[in-house]
Amino acid sequence: MTTASGDTRSRVLRVVEVREETEEAKSLVFAIPERDRELFSYRPGQFVTIRIPSDRTGSVARCHSISSCPAEERLSVTVKRVDGGYGSNWLCDNVTAGTSLEVLPPSGAFTPRSLDGDFLLIGAGSGITPLLSITKAVLRCGTGKVTLFYANRDEKSVIFRDELRELAVGHRERLTVLHWLESLQGMPHRTRLAPLLAPHVGAETYLCGPQPFMEQVRQALAEHGAADDVHVEKFTSLSGDPFTERSPTPAPASVPDSEAAGRAVSVIVGGEEHEIHWSPGSVLLDALLDEGVDVPFSCFDGECGTCRAELVQGKVRMGRAEGLTEDEVEKGAILACVTEAPDDSDPTRIVVRFP
Ligand SMILES: Cc1cc2nc3c(=O)[nH]c(=O)nc-3n(C[C@H](O)[C@H](O)[C@H](O)COP(=O)(O)OP(=O)(O)OC[C@H]3O[C@@H](n4cnc5c(N)ncnc54)[C@H](O)[C@@H]3O)c2cc1C
């Protein structure tokens with residue numbers, strides 16, 4: 001089926017079921033046609049981007065983490081209403097079984113490399129969505145243990161309450177679910193989180209929730225020297241529209257001829273090294289796509305974190321990278337969609353590695 005946006009990567013998918021998880025959250029279950037199964041295969045913790053119609057702007061694009069796990073037949077996402085939010089309320093108010101939506105294939109780096117380790121998953125509110133997917137994948141397909149810490153306002157706002165209970169009962173030896181209810185326990189402050197999280201430090205840690213909550217958790221983990229290797233997913237709204245086809249960024253007119261020639265950059269993708277040409281002023285993602293190097297990407301605006309890579313050597317100039325934390329940037333993480341080659345005469349070789 002042709003898509004309304006004309007984007008060749010997206011597909012129109014039919015919602016086959018809408019499940020009311022709480023008063024404020026619904027799961028949308030998509031049927032994936034046989035021909036699109038490979039395109040829509042995913043790793044636990046990844047997200048899809050949905051095109052939401054709008055009378056005002058034509059459409060908006062919103063990312064939603066996948067709440068099912070790859071071993072399940074159908075792909076589902078879970079949407080929690082945001083006060084005054086356009087996209088989340090449109091999805092909750094308008095989508096019913098039978099609705100067709102335009103969806104970009106799964107992407108994102110908030111996913112474990114192996115399912116066999118031990119995991120500490122920490123979430124609040126709708127942040128449970130990717131964590132549920134990781135939990136189910138580890139229990140079904142991995143060998144490790146999972147501790148899931150999940151904070152909510154009150155009991156009725158706990159998304160997947162029954163599913164989590166069933167999983168915990170069915171996997172007593174491998175899954176521990178620790179609920180935190182603000183109505184009973186107050187705000188999850190770092191001083192109270194630190195002793196709770198202490199016994200689980202050392203496990204591979206994934207964190208997703210509102211910014212103030214994530215800050216408290218990071219400070220609590222820092223008390224145990226464990227804040228550095230935490231994987232973080234930020235739930236922000238995209239300001240751009242990744243559904244509209246994008247043309248390669250031209251080199252700025254002010255770039256002198258000698259520099260317009262660009263420079264070589266070594267890019268390692270999946271262990272394979274590519275030498276590509278990078279024009280000053282253009283972003284790395286455009287340079288890679290121009291040269292046919294296949295890397296994951298989605299928003300083009302530094303917001304979703306999909307095109308995350310590591311700067312192994314050299315200097316680059318990175319624009320606003322909402323999809324990364326300050327810590328990650330300090331350690332050399334970059335987002336290819338907002339990273340430009342330096343236009344100075346620094347001769348240092350640039351080496352970038354994608355996961
Ligand atoms: C990687 C990732 C994964 C995510 N996973 C989840 C998830 O699993 N579950 C979940 O609930 N959320 C998730 N989110 C968050 C989600 O993408 C949205 O940010 C969230 O639902 C809030 O979107 P909203 O449109 O309701 O709110 P807002 O973005 O706050 O909406 C308000 C915006 O919409 C604009 N607007 C208002 N009316 C209109 C109109 N008629 N037409 C066009 N624009 C209008 C306003 O100008 C304003 O900018 C995820 C985000 C990311 C980046």
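Student: In which sense do strand β14 and strand β16 pair, and over how many bridges?
Tutor: Strands here are DSSP runs of E with at least two residues, and helices are runs of H or I with at least four residues, numbered from the N terminus. Two strands pair if DSSP finds at least two bridges between them. Strand β14 covers residues 308-313 and strand β16 covers residues 333-335. Their pairing is antiparallel, over three bridges.

Student: Which residue in β16 stands opposite E310?
Tutor: This is a predicted model: local features need pLDDT of at least 70, side-chain atom pairs count only at pLDDT 80 or more, and totals for chains, interfaces and linings use all residues. Residues are numbered from 1 along each chain as its sequence is written, and side-chain values use heavy atoms, with hydrogens and water left out. In β16, the residue opposite E310 is A333.

Student: What is the bridge partner of Q313 in β18?
Tutor: β14 also pairs with strand β18, residues 350-354, in the antiparallel sense over three bridges. Within β18, Q313 has as its bridge partner V351.

Student: What kind of aromatic pair do F110 and Y206 form?
Tutor: Rings of Phe, Tyr and Trp (its six-membered ring) pair if their centres lie within 6.5 Å; planes under 30 degrees apart count as stacked, over 60 as edge-to-face and the rest as tilted. The structure holds four aromatic pairs. For F110 and Y206, the centres are 5.2 Å apart and the planes are at 75 degrees, making the pair edge-to-face.

Student: How many residues apart in sequence are the parts that the pair of F110 and Y206 ties together?
Tutor: F110 lies in the loop between β6 (100-107) and β7 (119-124), whereas Y206 is in strand β10 (residues 204-208). The pair therefore ties together parts whose separation in sequence is 96 residues.

Student: Is Y206 buried or exposed?
Tutor: Buried means under 20% relative accessible area, exposed over 50%, and partly exposed in between (1.4 Å probe, protein chains only). The relative accessible area of Y206 is 0%, so Y206 is buried.

Student: Why is the pair of F119 and Y206 tilted?
Tutor: The ring centres of F119 and Y206 are 6.2 Å apart. F119 is in strand β7 and Y206 in strand β10, 87 residues apart. The pair is tilted because the planes stand at 45 degrees.
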